[in-house]
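Below are a few numbered notes to read alongside the model.

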Amino acid sequence: MELRVLNYFLMVTREENITKAASLLHLTQPTLSRQLMQLEEELGVQLFTRSKHRIVLTDDGMLLRRRAEELVSLAEKTKEELRHQEKELTGKICIGSGELQSSQFLAQLITAFHEKHPAVEFELYSGHSDNIKERIEQGLLDVGLLQEPVDISKYDFLRTPMKEQWGILVSKDCPLAQQETVTPRDLAGVPLILPQRESVQNELSHWFGSYADQIHSFANGNLQYNMAILARNHLGCVVTIRLDCRFDGLEFVPLSPKLETGTVLVWKKVQVFSPATTAFLEEAKEYLSGMKEDVN
């Protein structure tokens with residue numbers, strides 16, 4: 001498969017019309033159709049269901065679209081990494097991060113690096129620890145800021161100095177919103193909206209202790225905003241971390257006993273990075289070392 005043909009394929013999937021896609025690609029319609037037919041022959045599958053006005057992807061076509069997007073993105077990322085000048089550091093650093101208080105640390109680190117290397121660009125991907133790790137493995141991300149608990153045995157890492165505090169987001173007219181803290185007993189049998197990650201759910205199950213069998217979870221998610229909307233509509237309490245944001249009609253109440261989790265900045269072991277990413281990782285080590293000295 002050629003990247004050129006994959007780009008043709010992706011344009012057709014976006015436009016759902018070969019004639020329009022051919023025009024945007026500055027190709028004739030027969031030329032583009034022939035390229036797609038050759039791609040289907042090469043792969044031995046049917047990618048499209050064709051009609052007079054539009055095309056629809058088959059299941060194989062949808063799989064290829066996902067893989068093609070990853071391959072094209074990785075190719076572009078590789079080009080960016082190789083486009084560096086000897087006198088000035090350039091390139092793009094791709095970083096994944098969850099919705100975390102520790103994002104403040106990441107922002108400070110990027111700011112310090114940008115002051116030294118203003119020509120380097122950053123691309124930020126938002127997600128939870130599991131899908132950030134997946135994208136690191138695929139080569140789509142260079143670095144990830146992950147919330148624990150998380151398996152980092154395959155990575156080099158730096159532990160950040162910040163902790164994520166757990167609590168609930170609950171409607172202000174709920175009696176729980178009037179409490180200073182909430183206990184496992186308070187939440188027993190209450191409709192809960194939990195984080196999506198299984199490892200985090202296990203951590204919360206340990207926190208509930210003897211009340212774990214009374215957890216009533218009716219929904220889960222990975223973005224706090226979407227889960228907060230459910231709580232605002234009185235569908236339950238969101239078990240989540242404290243963030244520097246406010247949601248109208250909702251109150252954050254910490255868990256008791258206190259539950260905190262750490263975060264780690266990770267990257268693949270034995271990996272050859274671009275000059276920009278290598279410099280960024282060195283900056284991260286120096287930055288964290290300086291923070292520890294300030295504390296001491």
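1. **Ground rules.** This is a predicted model, in which local features need pLDDT of at least 70 and side-chain atom pairs count only at pLDDT 80 or more, while totals for chains, interfaces and linings use all residues. Residues are numbered from 1 along each chain as its sequence is written, and side-chain values use heavy atoms, with hydrogens and water left out.

2. **Overall picture.** The protein has ten helices and eleven strands; these are DSSP runs numbered from the N terminus, helices being H or I with at least four residues and strands E with at least two. Its C-alpha atoms fill a box of roughly 70 × 55 × 35 Å along the principal axes. Of the 296 residues, 43% are buried (under 20% relative accessible area, with exposed meaning over 50% and partly exposed in between; 1.4 Å probe, protein chains only). Among contacts (heavy atoms within 4.5 Å) with a separation of 6 or more, 72% join residues 24 or more positions apart.

3. **Helix 2.** In this helix, residues 18-25, the buried residues are Ile-18, Ala-21 and Ala-22. Looking down the axis of helix 2, its buried residues fall within an arc of 100°, so they line one face; the arc is that of the directions from the helix axis to the C-beta atoms. Thr-19 and Ser-23 are exposed on the other side of helix 2. The cover over the buried residues of helix 2 includes helix 1 (3-15), helix 3 (29-43), strand 1 (48-50) and strand 2 (55-57). At the start of helix 2, please look at Asn-17: one of its side-chain oxygens comes to within 3.0 Å of the backbone nitrogen of Thr-19.

4. **Phe-122.** This residue sits in strand 4 (residues 120-126) and is partly exposed, with a relative accessible area of 23%. Lys-92 is 30 residues away along the chain, yet the C-alpha atoms of Phe-122 and Lys-92 are separated by 5.5 Å. Neighbours within four places in sequence aside, Phe-122 is in contact with Ile-93, Ile-95, Ile-110, Phe-113 and Phe-280.

5. **The cavity.** On a 1 Å grid over the protein atoms alone, a cavity is a set of points where a 1.4 Å probe fits but cannot get out, and a pocket is an open set with protein on both sides within 12 Å along at least five of seven lines; lining residues have an atom within 4 Å of a point. There is one cavity of 30 Å³ or more, and about 330 Å³ of space lies in the largest cavity, volume being the space filled by probe spheres set on the points, which are joined across faces, edges and corners. It is lined by 24 residues, with Glu-99, His-128, Gln-147, Pro-195 and Asn-222 nearest its centre. Strand 5 gives the most to this lining, with three residues. The lining divides into eleven nonpolar, eleven polar and two charged residues (nonpolar: Ala, Val, Leu, Ile, Met, Phe, Trp, Tyr, Cys and Pro; charged: Asp, Glu, Lys and Arg; polar: the others, Gly among them).

6. The largest pocket has a volume of about 210 Å³. It has 13 lining residues, and Cys-245, Arg-246, Leu-250, Glu-251 and Phe-252 are the closest to its centre. Strand 10 (residues 250-254) gives the most to the lining, with three residues. By class, the lining of the largest pocket has seven nonpolar, one polar and five charged residues.

Terms used. Polar contact = N/O pair within 3.5 Å; in protein donor to acceptor, adjacent residues only side chain to side chain.
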